[in-house]
Structures are given as structure tokens and as C-alpha cells.
Amino acid sequence: MDFNAEVQILQRGVTVRDELLCELVEILRDHEPGLKRVIQSIYTLVQDNLLCNTQLVHKVISAVISGSQDETSTRRRLLARALVCVQLQVRRIPADEGALMLHELLARASDDVHPYAGQILGHLFNDFVRVLGADCFLRLLDATRTILLSKEPQDRKSSYFLISKIQRMCEIDGEHSEALLNGLQCSAQQWIAFAVIVADLEEQDPNLVGITLETQLPQLQLMSSDLGERWLAWLRTICIRLLQEDRVQVLRKTLEYFLTHLSVEYLCRLGLLPEFLMATNRSQLFDPEGDNWLNGEQVKQFVAKGNVELLLEALVVVSWENVPLLVWIRSLESEQVESVPKELFIKLCLNVKAIDNYDLREGARDHVILIFKDTIDGFSLRDYIVYMESLFNKGDLFPESQRLKDKIGNCTDFEEHIDFFSRRFFDIFLCYDRCSFGLQPDLSHTLFSKMETLPKQKHGFLRFVFITKNEELFTRFYRKFYNVDTSLLQKGKSLGEMQVHLLDRLDCQTDEETSFLKARCVDLFTLNMDSWAQLEELNLDPLELLEQGTYDTILALARLLESHQERITDDAVLPALISRLKSYDFTIIENVVNYAYRILTEEEFESVYINLMLQTKYVWLPGEKLSISLYLKLLLHGEPTTGMARIEAAYASNTLRFVESSAELRYNSICNLKLCTNNEMRSKVFKELLKINEKLSIEHPQYTENSEVHRQKMRIASALIELRRYYNGPISLESLLLPTDQLGINLMHEFLVSVYAKNIDWALNALPNLEPRQQESYLSIAYIFIRKNLGNLNEQNKLSEMFSLLLPFTMGSTRSTRILAQLILHKLAVTCVEGSICIPLAEILVNSIETSLGEKLHDLQSDPRLWLPDFIWNYDRLCCILYITNVPFDEIHNYSKYISYKNIRHAFAARKLPSSGEVAPPQTRSEGSILPSTEANNSGNTSGLDLILVASLLDSEINFPALRRTCEKFGFQSLVVAEESHLAETSPSHLSIVKVKSENLVEFILAKQAEGYKAVSSKGSAGTPKFDLFKFPKKCILVLGHEKHGIPINVTGVLDYVVEIPQFVSQDTNFEASLLIWEFFKQHCA
């Protein structure tokens, strides 16, 4: 047989083999173990130069990609092995065939982006560039950009890997670099900034990401006027990725940059305005209690420089959270919305109406009415009603009665508008406006006068509205048009007869009209009542009346109740009435409170008042006759809100200047006690508060900031400060000046003790024997006392003595004590010098302390303790002290009023942080591995254990000699390093130093896996097993990822396991290696 015949036979055999393998792949498409064995067979064939046809390779990849998706990680490992086969095949077949195979794979990954596209591109990136050259760049770039926007973490990691590859190519001058930059249509500097941002977005520490954004975002040159379309597409991609960031701190940095440097028009050019607005739709961004929250001024400046109509068109289609929508609405000014179309205005109104927080809705609504004043003034009556119904909910307080009256009066075709005066009109425009403020007579008369000009059949729903008006003008109308027997509408008439008669005369056409007319009859009947006793005489059930009438019935019954001098017979009436009250119905609420205060027992009144307070947020107290028990409950009242409700309340307090109700109630309770003429009552309340505080200190010697215990102590200290002058009994300093208390509580107690002290000899004598924290409290007490009594002490020649007694503490045992003593003496000395008080030591102290503290003195002047004496004579001293001690907003009455003290508040917050010297510095690279000291390090049973450490991905800064010593000490089989490593390949121990090219690392791992090894990496994320809970295999390859770039996508595909080392443990690769090694040997050698 000649040679050609043999070749043909071999080729037919190869063809048959490949056809059989293709059929086998198709059969095993969903059987992963079988598919794995086929791929391993193909790998062996290719490695032995027994090449497969291209169709078989594509068949395998197709089977892996389109097979069962239940085990994604397994599929990725199968694909990684298949791609290794592709790489080996491309190296062994003719160049044109290899190029064709890679072209087809690139097209598959780029044209039809699927979950494994990133893995294919990452694994074969070097092959694409080497074989296809610049021809593949545009496809590679487009696919990379698409994958970057994926929501799958694995896909995003693939895109980061590809971007870093492109970055390294761009940094090297040459043909490829120029071609890539031309394809990107950007400069190398712009792409490097892009790549740095993308890479650092994977940082766990948001502060580090924020620093990157500050420095790199300007390098992208977003606002350049000559950006190419391809680079614009990349910019849009990175912007979308940034705007989709989950971490609020990182998102805030992005938005701050966008708000400052971009405009509405530019965002529209990028097609990013909807994404930008959605990114701002996070209430946490505007949380006044958060760090560096976005404020309205930044948003307002952004709006001022752009096209407001474009902005509103995008804004009205977003499903907004309450606070962000209010921020955007408050950023609008009148002159910016003059030309906004009516259709857009009504959509904006509907957005405001959807705000489910009443206070925020009211703030947004008031601003909309303010800025659109000219537009609203120009509305016809029809448009006005439509737009107001789009803006107001049933139950909202309607403040527009005057404007409504003017539009009704000026309407020349009122008959054409009659259909708009429906039950809905009544509920929004008329019903609740009368609760406390009364329906304006001129509005009702204007509306009525218009209706009188219409024929009867045109009266519509309005014919029912005025039935409760017992004026001659209205009764004459009902006699004239509807032949109503108006005597039945007078006092003392039967409710049933009235309803039957009016239902007959007013000709109700619908069930809604019938039920409304019956309700208005109940309203009229109760309004006609002169006393509650009449209800009992007529045997009428108030509960039924409440159910049947409108809000006018509630108003009437509350009025009757206030004047009632006896206890009502049905105890269920009062709770039913309270449950129907609105928070702004102060007059009605006071009616109920006054009745309860006069008639009920102390215990009953306490229960009713607390129920009323919780239902309506009512904060006023009726008089002095309150029990000690109730006072204590009110002084300590308040449950902090959490989550979204807290952010909304904080924003309302800080921006809309709303007073938090529980804080106002506590403040009013203190005021009520101060006005109380019963000094014994005040003294008892004071004493009980001392007991509660002492009990809290005993039961909770340690408590966290802003916990329930901390808040109780804040409230107790607040009341004690204000009521101290009314108490002459003893106070236990031991229970007030506790070193275990929170710092803010210490400051409040220091103020309490010092302001009412008759002398401070006891404090000065005790100072030397106290521990540092107590010394600071006693120094503060002495300082406040001296400042308060400066003139008297000088006259008594005691001031110099006190200076001398305080001076030794400037050399105290702790830094904080020394600095506080210096600040106190400096402040006292400056006060004496400025007040011409002759203290020989004063001027010397001023100069020496200013020299000692230098530039730090200016910042230290914000120490809150230095400011306490300034509040002694303030009428609102309590709120000032609460504010500077950084208490939450809902602990201060009128929180926003004290914003001028924010620097002191920030200084207090900083004062609570631990000094830097108390924090252990992180381990540095030069320190090498840190291993637990144990006898197990180099002993124990190690039979059957094989451990290979792969360090070839690490950069040159890593301490490789330290890693080698670790491997030697723990009996590693091999240490794998990069081929360019200078580490000697010989080792005095049995350790083998293996050098592997980066492109061959996957093949090395696959070869070891064929020997029974399992590959493990520590570059996991949340959701992967914790390293200390993971069961390490006995034959193990530990793959260390690059500290910044992590594990390349092609290597990730062949890993058997990924474990997580928590980010707070360390970012140092040596240390991570040490933890993994120690955990491995702890499991297998202990």
C-alpha cells in the first residue's frame, strides 16, 4: 500500500472518529460528567498532535453553552477545558484554518452575547490578538462594552479582565496600541482612566472607590465637544455602570460629579437622563443623618443650568420615592417653569399626589403651587379644578379657598362647569377646609350665588352641599327650587323625617347622591344640637351618627362633648371619635382633650391623652392637673423611627423645618412643668427622674450610642437641666458623673451640676485622685462654674487660686486631659485679659498655650465643653446642648434652628472617635507571612497531603522569599511563580519552584487536576463559602489572585472551589495565603 493510500485511510479514520465524537457530544449535551470525559479525550488527542476537525470543536462548545443551565459553575469549568482544546488546536493547525476558527468563535461571542461570552473572550483574548490582529479589535471592543453592562457578577468580572488587557496594550506604544485607540476614539489617558475606574469599582471599601472617582472622572473628559461616537458609547456604558452602583457612598460621589459638571442637555445627548434620574431615586442619598448627604442646593444648581422642560419630561415618568421627588421639585424656580406645557404640569401634579408621606406631600404641593402661581392664575375654572384634583388627595388640607372663590366668581360660563362639582369636589375642596378653620363665608356665598342663576336641572351635585347652612339665604333657595319644608331643617326636628323629606324633594339619581344626602342630613341634625344631653334625650347613638355623617358630624359632636358636664354613658364613643380625627384639627382635638381633662379620672385621662397623642401627634397639655405618672411618660415618650420612615422624618425636620412631634411633646411637657404653680409636683418629678436614671445606670452600665437606654438618659438629663431650680434636695454625683456614660450624657450632667453649684471646692479637691475620664468631667464643671461666677470670684480674690489649682492638669497623665486643661485655662485667661481682670498668670498662660498648641488651637476651639458656659443664659439652652452633643434629630425640639452650631456638633462627633494610636496598623508587605505559633507547623501527620501554591499571578512587589519560606516550613510540594520571576528554582528543602507562563497556567492546572488535584482560590465574594468553614481537599492547588485584578477569567473557569476571606481581615496577599495554608493544615494535620 502506498503512502497516499495510508494517509487516506488515516484521514477516513479521523473523520469517522470525529463524527462519532460529534454524535456522542450531542447525546451527552445535558450529561455533564459524560461531556467532561469527552472533552478530556479531545484534550488528550490534541495534546498528542492528533488533531480534531473544526466542526467537532464548535460542537463541543455549542453543547456546553446551550446545555443544561442548572450548574453554571460546572458548565464554566467544562467550557474552560474546551477552550484550552481550542488554543492547542489553533497552535497546531495551519494559520488560515486557525484564524477561521477564531473568527467564528469571536463572532459567536460578540454577535450573540450569552452568559459565557465573557469567558470565551477572556480565555482566547491573546489568541484573538495574536492570530487575527487589528481586524478583531472592533468586535472585541463592542462585545466587551456589552458585557460590562451585564447584571451578572461573573460577566462583569470578565469585562474587567478584558478592559485591563486592553489597557495594558494601550500603554505599550505600537501598531496594536494605535489601532485600539483608533477603535475606541479616545486617548491613552482617557482609556487608562476608564480602566482604573472599572477596576476599582470592585473595591470593597467605598471610600477608596470615591477617591478613584474624584481623580479619574475628570480624565474621561466627559464634557469635551469633539468626542467620537464610539467613545461616547463607552462613556455611556461607564456612566450607566456608575449610576447602577448599589453602594450609596459610591453613587453619591458619581452624582456629585454629574450634578456639578454635566447638564440636562448633555445627559440627553448620551441618552442617560432617565438612568441619571433613577440613580437619584434613593432616599439614602438625601438622608440628613448620613455622611456628606446630597443636599438640595447641588440639585438646584444643576437644574438652573439646563433645559427644565426636558428634565420634567423625564422626571414625571419615574416611580419616585418620596424624598428624592421632593428634592427635585424644590429645586425648581418660578422663572424656570413659565413655559411648561399644561400636560406636563398635570403629570407632575399626579407625582406629587402619589407621595404617601403627608408632611412631604404638603411640602411638595406647596412648592408646586408657589412656582406655578402664574400658570395657575391663568387657568380657567375647569382647568383649575382638574389640576387641583390631580394635586390633592381626599383628606388633604386645602389652602386655596380664596383662589377657588375668585375663579368661581370670574367664571362667565358656570353652567358648563357644573359637572365638575361632584362628590369628589366636595371631599377635596370643601370638606376638610372647615374642620378647624371654617369654610370661608365669601366662598360659600360666591358658589351659591352662581348656582342660583342656573335652572333647577343644572344644579347637579351642588344641590346637596348647602343643606347644612341654616341661613335664610339658603333655606329660601331650597323652598324656591325644591319646595322643601325648611321647618324640618330646624332644631329639634326628627332626623328620620328630615331624611325622608329631602330624599323626596331633591330627587337623588344615584346611590352616591342618596348616601351623601343622608350623610348631610346627619350633619345638619348634629349641628342643630345645643348639648350632648339632647342626644341622650332623643335616644340617639353617637356611634351611629359618626358612621352615618361626614366630617361635619365629627366637628359637631366634638363641640358638644367639650361643653358636656357629665360623663357620657357609652365608653366606646370617645375612642371612636379620636380614631376619626385629623392631625391638623387642633380645635376639635382640644374639644376632646378638655372634656377628658375635666370629666375623667387621672388614670382614664392619661390613657385617653396618650391614645390621642399617638393618633394625631397632638402635643399640647391642658393644664396643671396632670399626674406624676403621666408627666414621666410624656418626658420619656418617643419611639425612634427606622428605615425609609426615618429618612423622611429627618428630611422633613432638616429641610422643611417640621418639628418632630415626640420631641415637641417632651419640650412642651417641660414647659408645662415650669409654668406649674405646684412646686411639690415639680420636685417629685425631678426626684423620680433621678431614680430612673440611677436604675438605668445600675442595670445597663454599658450601652451603645443612640440605643433605647441612651435615649432615655438623654431625655432624663434634658428634663433635669430645666427643672433643677425647682429641686432643693440632694443629688448623688456618683450616679451622674459616671465614666461609663456616653460622652454627651457626661456633658449634660456636667452642665446640670455646675450651673446650680454654690461652690466647686469639692470638685477641685477631688480632681487629683480621679481617673482620666472623671477628671475631664470635673475640669468641665470647674470651668463652667468659673465662667458663670467670674466677677464674684475675682472680687473674692479666689480667681488666681483657681488658676493655680487647674494648672497642674495641663501636664496630666493622658493627652485628652492635658489638652482639655490647656483649652480651659486658655479660654479663662483670654476672658480675663479681654475683661481687664488682673490675673498675673493670665497673659503668660495665653502666650504659652498658644505656642504649645500652635495651629491646632483654632480647630480645638470647637470643643463642645468650651461652649457649655455660653448656653447658661440662653432661653433654649437645652436644645443647644442637645444639638452640639450630636443627638439624633428626633431628640431636639426644632432641630433645624441650631444649624449655626454644626461645627461644634461635628467636633463632638470627631471627639468620640478612638485615637489613631489605639488602632493596630495593618500588616505591610515587607513583614511577610504571619503564621500562628504552633507545634503543628512542622509536625503531625502529613501523609497523603499534597499542596501546590500558585503565585504566578502576583505582581513583583510581593515578598516571594517570604512565600517560599512559608511553603518550605509547611512542606509544600511546589511553588508556582511567573516565568519572569527572579526566584531561584532550587531550594534547600524538597520544595520545587515551578515557573509557568501566564498563558500556560490553565494548562498547568488542568494537568494537575488530571492527577487528582482540586484547584481552590480565595478571591471569592459574599455568597461563597467562608475559608474557615470550607473543607479543603487533601490534594490541593491554592491559587493566589492578583491583589487588584484578582483571578483572570480563563483561570476562574478551571477552579474547582472559590472561598471567601472577609474583606475586613486583610487585603494583603501574603496574609491571605497564610490564612488559607493555616486552615488547610489545621484541618489535616491537627
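Predicted model: local features only at pLDDT ≥ 70, side-chain atom pairs only at ≥ 80, totals over all residues.
**View 1. Strand β1 and its two partner strands.** Strand β1 covers residues 946-950 and is mostly covered, with 4 of its 5 residues buried. Strand β5, made up of residues 1035-1039, runs parallel to β1 and is joined to β1 by 5 bridges.

**View 2. Threonine 817 in helix α46.** Threonine 817 belongs to helix α46, which comprises residues 815-834. Is this residue buried or exposed? Threonine 817 counts as buried because its relative accessibility is 0%, and the cut-off for buried residues is under 20%. When neighbours within four places in sequence are set aside, threonine 817 is in contact with Pro772, Gln775, Glu776, Leu779 and Phe809.

**View 3. The crossing of helices α13 and α16.** Helix α13 (residues 248-261) and helix α16 (residues 296-304) have axes that come within 8 Å of each other and cross at roughly 40 degrees. Angles under 35 degrees count as roughly parallel, whereas 65 to 115 degrees count as roughly perpendicular; α13 and α16 are therefore described as oblique to each other. The crossing of α13 with α16 is left-handed. From α13, the residues Glu256, Phe258 and Leu259 take part in the contact, and they meet Gln298, Val299 and Phe302 from α16. By residue class, this contact between α13 and α16 consists of 4 nonpolar, 1 polar and 1 charged.

View 4. Glutamine 284 is located in the loop that lies between α15 (273-279) and α16. How does its accessibility class follow from its value? Glutamine 284 has a relative accessibility of 37% and so counts as partly exposed, since buried means under 20% and exposed means over 50%. Apart from neighbours within four places in sequence, glutamine 284 is in contact with Val248 and Ile647. For orientation, glutamine 284 and alanine 596 are separated by 312 residues in sequence, and their C-alpha atoms are 42 Å apart in space.

Note on methods:
Residues numbered from 1 in each chain as written. Heavy atoms only, no water. Buried < 20%, exposed > 50% of the residue type's maximum accessible area, 1.4 Å probe, protein only. Pairing = 2+ DSSP bridges. Contact = heavy atoms within 4.5 Å. Axes fitted to C-alpha atoms, helices over the stretch in contact; angles between N-to-C directions. Parallel < 35°, antiparallel > 145°, perpendicular 65-115°, else oblique. Left-handed = near helix turned anticlockwise from the far one by under 90°. Nonpolar A, V, L, I, M, F, W, Y, C, P; charged D, E, K, R; others polar.
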